[in-house]
Amino acid sequence: MSSNHTTVNHLNNRRILLAVSGGIAAYKIPELVRQLIKSGAEVRVIMTHSACQFVTPLTLQIVSEHPVYADLFELEQAATETPGSQMSHIELARWADLILVAPATANTIAKISQGMADDLLSTTLLASSAPLMVAPAMNSQMWESDATQDNITLLTQRGITIVGPASGELACGEVGAGRLVEPSELLKALNDHFAIGPLSGIKVTITAGPTREPIDPVRYITNRSSGKMGYALATAARRLGADVRLVSGPVSMAQPPGINLIPVETAQEMLSSVMVDPGEIFIACAAVADYHLADVAEEKMKRSDSSLTLKLEPNPDILKSVAQLPSPPFTVGFAAETERLEEYALRKMEQKGIDMIAANLVGDVDSGFDHDHNRLSVYWRKGATQLDLASKSEIAEQLMALVIKQFSKQ
Ligand code: C5P
């Protein structure tokens, strides 16, 4: 981070929605946005109409590199007309890893505490379940008023983080509490928020989905993997504070917030992307095709009445390659078996030289491939446990807890 070279940067790839309300301190926000972008965060800005009197949407648009709106209906119209490039307020609310209201005026604080939704900013806040941070800035009388203090108490009780205000000379000429904390302090508060978690600062690389091995320019070999388990693991690792790289084959899943998604097609591409940075924990959840075509046809293959033989060659074993690195990460593999689960899973753990294996019986009607639920038998060098049938996101949380336990014993 630019403000302090000894601080670990936890803001990389974080999605921060900055909600700017109308106080003179809004002039400090472009600097905050600049520093956030420098730290690798993705930033979107929304404003109240009165905030636009203190800093222009254009300024914030230039520093955040994205359009900035103050009007709910203008934003909704832009989102309808350019759905790929502009998010609606609901999409923004879901997109954010964290929302920071800065400066937060007495009026905006009152609106948040009462759950009002009469403009873009308050409506977006109410529609979001993202963690909320509020940085008040106002005249000291307004700050110390019973109404504001009661509202602040309410926000604190709801788990909302209040940053500041600082004391000093205020724009109105008075001296007292009410100054917006400096951008560098806001940056630190944001960084600290993301530093919390048992995996904070730990790099986790996860493979997910199927691979796609081309036959010719229009045909390929693939499998039924949906990517759901890998994406759920990526989300769980992210929630625990990890820096997550998700190397994913073609799936129809949305990019999970705050995750570095690396889309790939073939097993060879997946291997190359994984090897760029296998992280400190590597989880191989992808259903990698075992073979690829020996020769991919350059032109579309023509139909004929005679039989056709395709020559296949084995794909690299990504998990094994990672486990064989000179200083390998903590490696976790998956084993989909149709019988003798424990015997095959343990053998696979041994053969691949990995630290943990999560095995499931494929062919179950209620779990596994392309299902929303899963059940797993998990084995590691010195133990084993069962994770009973649950949603893939619950299973992912439980598996990550086991990974953390064994990883921290290393
Ligand atoms: O050997 P098998 O395919 O049964 O092993 C499954 C485990 O190995 C999974 O974790 C899968 O992601 C990983 N794998 C891999 N590269 C391959 C084949 C499997 O990483 N080519």
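Reader: How far apart do the C-alpha centres of domain 1 and domain 2 lie?
Author: Happy to start there, and please keep in mind that this is a predicted model. The domain assignment gives domain 1 as 15-195 and domain 2 as 203-407. Between the C-alpha centres of these two domains the distance is 40 Å.

Reader: How many residues of domain 1 are in contact with domain 2?
Author: Contact here means heavy atoms within 4.5 Å. On the domain 2 side, 5 residues take part. On the domain 1 side, the number is 4.

Reader: What area do domain 1 and domain 2 bury between them?
Author: Good one to ask, since the size of an interface is often given as the accessible area lost when the parts come together. For this pair, 39% of the buried area is on carbon and sulfur atoms. The area that domain 1 and domain 2 bury between them is about 320 Å².

Reader: Which residues of domain 1 lose the most area to domain 2?
Author: Three residues together make up 91% of what the domain 1 side buries. They are Arg 15, Asp 97 and Phe 194.

Reader: How many salt bridges are there between domain 1 and domain 2?
Author: The side of domain 1 that touches domain 2 has 3 charged residues and 1 nonpolar one. Even so, the count of salt bridges between the domains is 0.

Reader: Is Cys 285 buried or exposed?
Author: The cut-off for buried is under 20% relative accessible area. Cys 285 has 12%, so this residue is buried.

Conventions
Residues numbered from 1 in each chain as written. Predicted model: local features only at pLDDT ≥ 70, side-chain atom pairs only at ≥ 80, totals over all residues. Heavy atoms only, no water. Domains from an automatic or database assignment. Buried area = accessible area lost by both parts, 1.4 Å probe. Salt bridge = Lys/Arg side-chain N within 4 Å of Asp/Glu carboxyl O. Nonpolar A, V, L, I, M, F, W, Y, C, P; charged D, E, K, R; others polar. Buried < 20%, exposed > 50% of the residue type's maximum accessible area, 1.4 Å probe, protein only.
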